[in-house]
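Try each task before reading its solution.

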Amino acid sequence: MSTTRYQEGSVERVKRAKGPDVWVYRWRELQEDGTRAQRKRVLGDLSRLPTRAAARREVENFRAEINARQDRIGKMTVGEAWGHFQLHELRDPGVGRSHTTITVYCDYFRSQILPEWGEVLLDDVKPVAVEKWLRGLDRAAGTKAKIRNLLSALFSHCIRHEIYTKLNPIASVRQSAQREKEPEVLTIAEMQGIIRNIGEPAIRVMVTVAAVSALRRSELRGLQWADIDIPNLLISLKRGYVGLGETAMKTKASRKGIPMSPELAAILVEWRGECLYPTGADWVFASPHTGGARPYWPESAMRNHVRHAALLAGVEKHIGWHTFRHSLATHLGQHGEDVKVVQELLRHANSKITQDVYQQASQDAKRAAVGKMSGIFVVAAKSA
């Protein structure tokens, strides 16, 4: 048997037990679900097609039919491609997406992407049109950038599965993730005032841990007493807790344990002695409203306890759980801590995130910095 590659497959000369050899055309055909199936067709035997050139000409007779069928199959809509993505990649253990990330994909596609692009063919998604659409969304820049990235991930999936054979059109879509306003940063005195005015002990300890450890709210909820190593002053991070269930840690960096001060260890020891659920498998911030089955709901804790305490303390800044994380990073930066140390405390994958996103200089620090140039004014006064 001899083979020659053809534009959409291969032409093979195949021997038969009886009669003359035959020419066989083989190709791979794209299916509706994005997979490719092997196909073949007998072109004729040597008595009708004596040469390879004749066999190639025979392929031309029905190649247009194959191409037309492939064109129809290949033109998936964005909605159909999203279905394929869910089936083959979204929850693939090999990819390792966390429950939270999967939820983000589903929420954004359902509420933002599919209403606008669901019925649009992949071939008809153009960068300029996507840019214009993103600019028109009443969303923060970071949210728009996330939507752009999710759409780009969908096209990358389609390219990998040979559903889409062109360059990723989202790669050239311009969308900044730069914040439109700086996040609030609490002073030490403001954090002390907030903690002092929280009446619920569990929430008071929860805020204290957030203020001095930079744990994310999902990580705070995911803490169990077995994770608190008092003798070695270490908090192990093994899980998060989002919504009604556990989730894997965000990244490899997120799984690193963090040290705690003796003062924080003392507070946790005291809280364990007081709380209703002190065993190793219990949540550190178990909610009595669920009989300890689940930790406190962070939004309710923030709304009903933390923000109320902030008002009592005279703090008018709009705060959330991430405010404590930003505040810690900023204070450590202002006190001259090495950025690598701060990066590892916040468990960022790289220091650029720590510097560009989380650390802010206070107005007093910036005023002190420019004050070092005050000698210029002496010269200016003499010149005048």
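Buried means under 20% relative accessible area. Keep in mind that this is a predicted model.

**Exercise 1. Is Trp321 buried or exposed, and which class does Phe324 fall in?**

Step 1: Trp321 has 7% relative accessibility, so Trp321 counts as buried.
Step 2: Phe324 has 1% relative accessibility and therefore counts as buried.
Step 3: Now look at helix H11, residues 321–334. Of its 14 residues, 11 are buried, including Arg325, His326 and His331.

**Exercise 2. Where do Trp321 and Phe324 sit relative to each other in helix H11?**

Step 1: Trp321 and Phe324 are three residues apart in H11, so about one helical turn separates them.
Step 2: In an α-helix there are 3.6 residues a turn, so residues three or four places apart point the same way.

**Exercise 3. Classify two of the aromatic pairs; the structure holds seven.**

Step 1: For Phe155 and Tyr164, the centres are 5.1 Å apart and the planes stand at 80°. Planes over 60 degrees apart count as edge-to-face, and this pair is edge-to-face. Both Phe155 and Tyr164 are buried.
Step 2: For Trp321 and Phe324, the ring centres lie 6.3 Å apart with the planes at 50°, so this pair is tilted.

Conventions: Residues are numbered from 1 along each chain as its sequence is written. This is a predicted model: local features need pLDDT of at least 70, side-chain atom pairs count only at pLDDT 80 or more; totals for chains, interfaces and linings use all residues. Side-chain values use heavy atoms; hydrogens and water are left out. Helices (H or I, at least four residues) and strands (E, at least two) are DSSP runs, numbered from the N terminus. The expected span of a helix is 1.5 Å times one less than its number of residues. Buried means under 20% relative accessible area, exposed over 50%, partly exposed in between (1.4 Å probe, protein chains only). Rings of Phe, Tyr and Trp (its six-membered ring) pair if their centres lie within 6.5 Å; planes under 30 degrees apart count as stacked, over 60 as edge-to-face and the rest as tilted.
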